[in-house]
Amino acid sequence: MQWLLALETNGDPITSCRLMNIFRRKGVSIVTLAMAARTEGFSVVALVETPEHEVDHIFNFLRRVEGVENVTYYRHEPEGDASFVFIDADADSSSLARFLQTFPESKLIFGSHGKYLLEIPGDRKPSSASLDFGKQEILPFARVKSSIPQPELVAAQT
Amino acid sequence: MGRQFNGSEILLESLRRENVEVFFGLPGGVVLPLYDALYSSGIRHLLVRHEQAAAFAADGYARVTGRVGVCLGTSGPGATNLTTGLTSAMMDSIPVVALTGQVALPLIGKDAFQECDTIGISMPSTKRSFLVRSAADLPSVIHQAFKTAISGRPGPVLVDLPKSVLMESAEPTYPTTPGIAQLERIREWKDEDIERAAEMILESRRAVLYAGGGVIAANAWQELRELAELTHIPVTTTLMGLGAFPSAHPLSLGMLGMHGSYATNQSICNCDLLIGVGVRFDDRVTGRLKDFASLAKKIHIDVDPAELNKNVRVDIGLIGDARETLRALLEVLKRRLPEGKDLTPPARRQWLQRIESWRSEYPLTYDKYGHAVKPQYVIQTLSHYAAEDAIASVDVGQHQMWAAQYWEFRKPRTWLSSSGLGSMGYGFPAAMGAQLAFPNRQVIAIVGDGGFQMTLNDLATVAQYRVPVKIAIINNRSLGMVRQWQEIFFEKRYCDIDLTFSPDFAKLAESYGIRGVRVDHRTDVPDAVRDFLSDREPRLIDFWLDPAENVYPIVPPGGSLAEMVVEPPRVLVEEEEALDDLWAV
């Protein structure tokens, strides 16, 4: 099953190296991966193949990795209730342009090297038909879990 | 402009501010500036004979104190030699900070002498690793390293220190609070989750508490005991959890799993509720997963969200520090019961009786009357004569399992074992680290002849510093656990398990200036043990055992707990009578 993992890390490249190693060790098969620098860190978006029963564990594992500031995972929803799309446009941004014409209210969450993650706010849900823009893949996703809000931290009692 | 210090001085001051009193290491080229600063620093450093021992000693120090253990290696081989110890600490969630030398910043990536990619190598073996790029960064990096090591699920952290950073000058700014004072306890569960868990406990008839290293890491043993006593639920512990619940307590089931007792494993197979606290459903505990506690609903309390539903699906997962979570659970349970009401329904009393009958049916036992020294007897005798707060540090193999079965656990943080990684060579240096933490307590390294030969070079260290560690070698002249598996599962096709070509350990100890004796007759064991424990000097006893002895019960690999092989008792005697008789000899 395909999933989209979106991560934000601190600025230490070691954290990104750890992520790649975790994907390898946990048997997460990467279909597409893109990385972008933020002001104080990196954003990573990975389209992955992994069995459904493993995803929750991987999410939990990733969110407690030192240096990972946020993790969100999305389930591929070809027919269902999707509010997000992932566009793998490569060098050709025409599909992105057409998508934005159809869904002008879309919010860009991630964009790097022709890979885009967009949220479609409101009640408009993208159907498979509405995402048929030719050869390039536009995949609808539903957000499953995010590490925001952060775990509650309570003062230690002695 | 304030006063300038070099990186080495800033590092040592940062360690001092994190309350580091002692660390374990071995100098080399790039860390010479650090050792120069150490010369007048007031922080104690123990010179080990191999960096692996430094990592294990730091681990032992951390386990007995609950504080961060610190070790150091130079660049290249010094750093790589630490890796096994760090991986063991990672597997067992032990807070260790490893300091490694690195070649000067301009030389990194140029294949300089004694350069290696320490950060890359240590990545999967640590919670976090830092490469320090400026002396001015040292106070905050060290502070973060200590905080990371001890917070949440504890674990090892590595700080890589280029020589140029150790030598350059900077004006340090130290964090105002030490990392340990900022310990935060994670709590992700909601009140309604606790209410549901309490409901399940109250409804259960055949519940078992399954406690692991997380109970010890969170200092939650009092809460565990209170929960057990309030609800009359028996407690089994993992190898990591030994000491979290007293062995002699009527509700104690001892260790479960591959070498758990018949009664313990039967109780897991038949329980209707399993409450896991700080455990990870390790394969050595569960056996065949689909059959593990298959009749039971499951509650899992753990600080690490990644542990929930990793191996076994649970009905309620409570992500949080074990102590905070158990306290909340106790509060709800007490509120829901009128004061003074007995929480032991008749069904639970019947459950405890059933466990007792399993215990009587197949107790842990061995041949107590032969001439040969039996390892179980040695462990029981050591435990019998050891001080109430003695610390036992074991290696890996048969003797480790016998110690887990036959040592009487009285207090938490008195049991050191490389449990997850199962690293032979751990027991002796870990004991050394524990002894440095508590110089006045008895620390007994119970090791096999195989594992001891992996780190025995540190006999020099205990001799040099007169570290009064007691070393008990359970010597069967073979790699015993491998031999046992070859015997049982590989049709006695013994291959490369023979360790008869070993030194005379007693004479070897003597050559280091440590008193050593060999004991090869059963009746000599009590006197030898009494003498062994009688002083404050490092000592060694080499117990020559019946080499054919095997660890029972055993769950065959891949089998379920119900398929355990229970060796029938060879001599049917009342256990207590027999032991009294033996100690009287």
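## A bridge between two strands

Let's start with one residue: which residue in β12(B) is the bridge partner of B:T236? The partner is B:G254. Strand β11 (residues 235–237) of chain B and β12(B) pair in the parallel sense over 3 bridges. Two strands pair if DSSP finds at least two bridges between them. Strands (E, at least two residues) and helices (H or I, at least four residues) are DSSP runs, numbered from the N terminus.

This is a predicted model, in which local features need pLDDT of at least 70 and side-chain atom pairs count only at pLDDT 80 or more, while totals for chains, interfaces and linings use all residues. Residues are numbered from 1 along each chain as its sequence is written, and chains are lettered from A and ligands numbered from 1 in the order in which they are written.

## The sheet around it

These strands belong to an open sheet of 6 strands in chain B, with the order β12-β11-β10-β13-β14-β15 and parallel pairing. At its edges lie β12 (252–255) and β15 (316–319) of chain B, each pairing on one side only. On average, neighbouring strands of this sheet are turned by 15° against each other, direction ignored.

## Two crossing helices

Now look at helix α15 (residues 375–385) and helix α22 (residues 525–532) of chain B, whose axes come within 10 Å and cross at roughly 45°. Axes are lines fitted to C-alpha atoms, for helices over the stretch in contact, and angles run from 0 to 180 degrees between N-to-C directions. α15(B) and α22(B) are therefore oblique to each other. The word oblique covers what is left after angles under 35 degrees (roughly parallel), over 145 (roughly antiparallel) and 65 to 115 (roughly perpendicular).

Where they meet, α15(B) brings B:Y377, B:V378, B:T381, B:L382 and B:Y385, and α22(B) brings B:V525, B:P526, B:V529 and B:R530. Two residues are in contact if their C-beta atoms, placed from the backbone, lie within 7 Å. By class, this contact has 7 nonpolar residues, 1 polar and 1 charged. Ala, Val, Leu, Ile, Met, Phe, Trp, Tyr, Cys and Pro count as nonpolar, Asp, Glu, Lys and Arg as charged, and the others, Gly among them, as polar.

## Where the chains touch

Chain B gives 21 residues to its contact with chain A, and chain A gives 17. On the chain B side, β6 (128–131) and β9 (184–187) are the elements that give two or more residues. The largest share, 4 residues, comes from β9(B). That side of chain B divides into 8 nonpolar, 4 polar and 9 charged residues.
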